[in-house]
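Here is a short tour of a single chain, written for someone who likes to check distances and angles. Keep the viewer open as you read.

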Amino acid sequence: MPERTIFEKIIDKEIPSEAVFEDDSVYAFRDINPQAPVHVLVVPKTRFTGFADLKSADAQVIGTFMQRVARVAEQLGLEKEGYRIVFNHGRHGQQSVDYIHAHILGGRQLGWPPG
């Protein structure tokens, strides 16, 4: 069994976080190093190491995760002006935790192209 990640410890409330949404399938919380006025991480409670793991994952689990990401963005009031969803994968993608998670960024005009 792989070592537990910081996200698993956050989900289990062993590490404090500022929750914005939680249900049986996901946990969403504010990033401690925000890159925009609104920066929330949405983490599925089913562990996937990275985006590539989704190729063989249950489609219902993936679909529920994506629906929850959209629900959190709506709850944050970002739908009208827009927002960005970011998934980082691997070293070159700057994935810092080996656990899939979506970044919701908003609250200002975002630049393009990203870094």
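Which side chain meets that of Glu 8 in a salt bridge? The partner is Arg 47, with an N to O distance of 3.2 Å. Please bear in mind that everything here is computed from a predicted model.

## Overall build

Let's step back for the wider view. The chain contains two helices and five strands, arranged along the sequence as α-β-β-β-α-β-β. Its radius of gyration is 14 Å, close to the 13 Å that the globule rule gives for 115 residues, so the chain is as compact as a globular protein of that length. The C-alpha trace spans about 40 × 30 × 30 Å along its principal axes.

Of the 115 residues, 37% count as buried. The chain exposes about 7300 Å², and carbon and sulfur atoms supply 51% of that area. Among contacts with a separation of 6 or more, residues 24 or more positions apart account for 55%.

In soluble globular proteins, nonpolar side chains tend to be buried together. Here the largest nonpolar core has 14 residues, and those with the most contacts inside it are Ala 28, Val 40, Val 42, Phe 65, Val 69, Val 72 and Ile 104. At least two residues of this core come from each of β1, β2 (26-30), β3, α2 and β5. Helix α2 gives the most, with four residues.

Leaving aside neighbours within four places in sequence, Val 40 is in contact with Val 20, Ala 28, Phe 29, Arg 30, Asp 31, Val 72, Leu 76, Ala 102, His 103 and Ile 104.

## Salt bridges

How many salt bridges does a search of the whole structure find? The search finds seven. One of them pairs the side chains of Glu 14 and Arg 4, at 2.9 Å from N to O. Glu 14 lies in the loop between α1 (6-11) and β1 (19-22) and Arg 4 in the segment before α1, so this pair ties together parts that are ten residues apart in sequence. Both ends are partly exposed: Glu 14 has a relative accessible area of 49%, and Arg 4 has 33%.

Now back to the opening pair, the salt bridge between Glu 8 and Arg 47. Glu 8 lies in helix α1 and Arg 47 in the loop between β3 (38-44) and α2 (59-75), so the two tie together parts that are 39 residues apart in sequence. Glu 8 is buried, at 14% relative accessible area, whereas Arg 47 is partly exposed at 26%.

A further salt bridge joins the side chains of Lys 45 and Glu 22, at 2.8 Å from N to O. This pair links distant parts of the chain, with Lys 45 in the loop between β3 and α2 and Glu 22 in strand β1, 23 residues apart. Lys 45 is partly exposed at 31% relative accessibility, and Glu 22 is partly exposed at 38%. Shared partners also join Arg 4, Asp 12 and Glu 14 into one salt-bridge network.

## A buried glutamine

Is Gln 95 buried or exposed? Its relative accessibility is 14%, and buried means under 20%, so Gln 95 counts as buried. Gln 95 sits in the loop between β4 (83-86) and β5 (102-106).

The side chain of Gln 95 makes polar contacts with backbone atoms. It reaches the backbone oxygen of Thr 49 at 2.8 Å, and a polar atom of this side chain lies 2.8 Å from the backbone nitrogen of Gly 90. Beyond neighbours within four places in sequence, Gln 95 is in contact with Thr 49, Gly 50, Asn 88, His 89 and Gly 90.

## Backbone details worth a look

Lys 13, in the loop between α1 and β1, has a positive phi of about 65°. Lys 13 is partly exposed, with a relative accessible area of 48%. Gln 94, in the loop between β4 and β5, also has a positive phi, near 65°. Gln 94 is exposed, at 62% relative accessible area.

Finally, a cis peptide bond joins Trp 112 and Pro 113, with omega about 5°. Pro 113 lies in the segment after β5.

How values were computed: Residues numbered from 1 in each chain as written. Predicted model: local features only at pLDDT ≥ 70, side-chain atom pairs only at ≥ 80, totals over all residues. Heavy atoms only, no water. Buried < 20%, exposed > 50% of the residue type's maximum accessible area, 1.4 Å probe, protein only. Polar contact = N/O pair within 3.5 Å; in protein donor to acceptor, adjacent residues only side chain to side chain. Contact = heavy atoms within 4.5 Å. Salt bridge = Lys/Arg side-chain N within 4 Å of Asp/Glu carboxyl O. Rg over C-alpha atoms; globule rule 2.2 N^0.38 Å. Areas by Shrake-Rupley, 256 points an atom, 1.4 Å probe, with all protein chains shown as cover. Core = buried A, V, L, I, M, F, W, Y, C linked by side-chain atoms within 4.5 Å.
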